[in-house]
Amino acid sequence: MQQQHQVKCFHLKSLVPPLIMAALVALSPICHTPVSFGQTIDVQRGASLFRRACIGCHDAGGNIIQPGATLFTKDLQRNGVDTEEEIYSVTYYGKGRMPGFGENCTPRGQCTFGARLQEEEIKLLAKFVKLQADQGWPNVETEED
């Protein structure tokens, strides 16, 4: 009986290190993948908005109008637009050759002539762009894919 108990304890002890390692990997701050269904939906909604409003100039994080203003981290940092808040501001009001997409964007010449985006949509876009930049712009499938 005592020998059987020792065998069970041995198996449990041999599982502890892999379990700890799995927990460390799952909780690692270098892992930016969505961890919940809600985050996955936000990424999909952000990707869908990006395809609708941004992909014409910023396909795969690039910039066909102004090559030094891509959505990759190095360019975002160099241009002072590397936080979600700064990305939101540029998306809402525009900057340089990029038009603003916010509902209350002014001055008129700086804003898109196309459809405007709601505040929540721009927040989702800013979050999506920051996440993509942090990950080097991997492919993201949307519900339409």
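Reader: In what order do the elements of the chain run from the N terminus on?
Author: Keep in mind that this is a predicted model. The order is α-α-α-α-α-β-β-α. That comes to 6 helices and 2 strands.

Reader: How many residues are in the chain, and what share is buried?
Author: The chain has 145 residues, and 30% of them are buried.

Reader: What about the largest nonpolar core? Which residues touch the most other members?
Author: Phe50, Phe128, Val129 and Trp137 do. The core holds 23 residues.

Reader: Which helix gives the largest share of this core?
Author: That is α6, with 8 residues. Helices α2 (37–53), α5 (84–93) and α6 (119–134) each supply at least two.

Reader: Back to Phe50. What is Phe50 in contact with, leaving aside neighbours within four places in sequence?
Author: Ile55, His58, Leu71, Leu125, Phe128, Val129 and Trp137.

Reader: New topic: Asp42. Where is it found?
Author: Asp42 is in helix α2.

Reader: What does Asp42 touch, not counting residues up to four places away?
Author: Leu124 and Lys127.

Reader: And how far apart are Asp42 and Phe128?
Author: They are 86 residues apart in sequence. In space, the C-alpha to C-alpha distance is 8.0 Å.

Reader: Last one. What is the accessible surface of the chain?
Author: About 10,000 Å². Carbon and sulfur atoms account for 59% of that surface.

Note on methods
Residues numbered from 1 in each chain as written. Predicted model: local features only at pLDDT ≥ 70, side-chain atom pairs only at ≥ 80, totals over all residues. Heavy atoms only, no water. Core = buried A, V, L, I, M, F, W, Y, C linked by side-chain atoms within 4.5 Å. Buried < 20%, exposed > 50% of the residue type's maximum accessible area, 1.4 Å probe, protein only. Helix = DSSP H or I, 4+ residues; strand = E, 2+ residues; numbered from the N terminus. Contact = heavy atoms within 4.5 Å. Areas by Shrake-Rupley, 256 points an atom, 1.4 Å probe, with all protein chains shown as cover.
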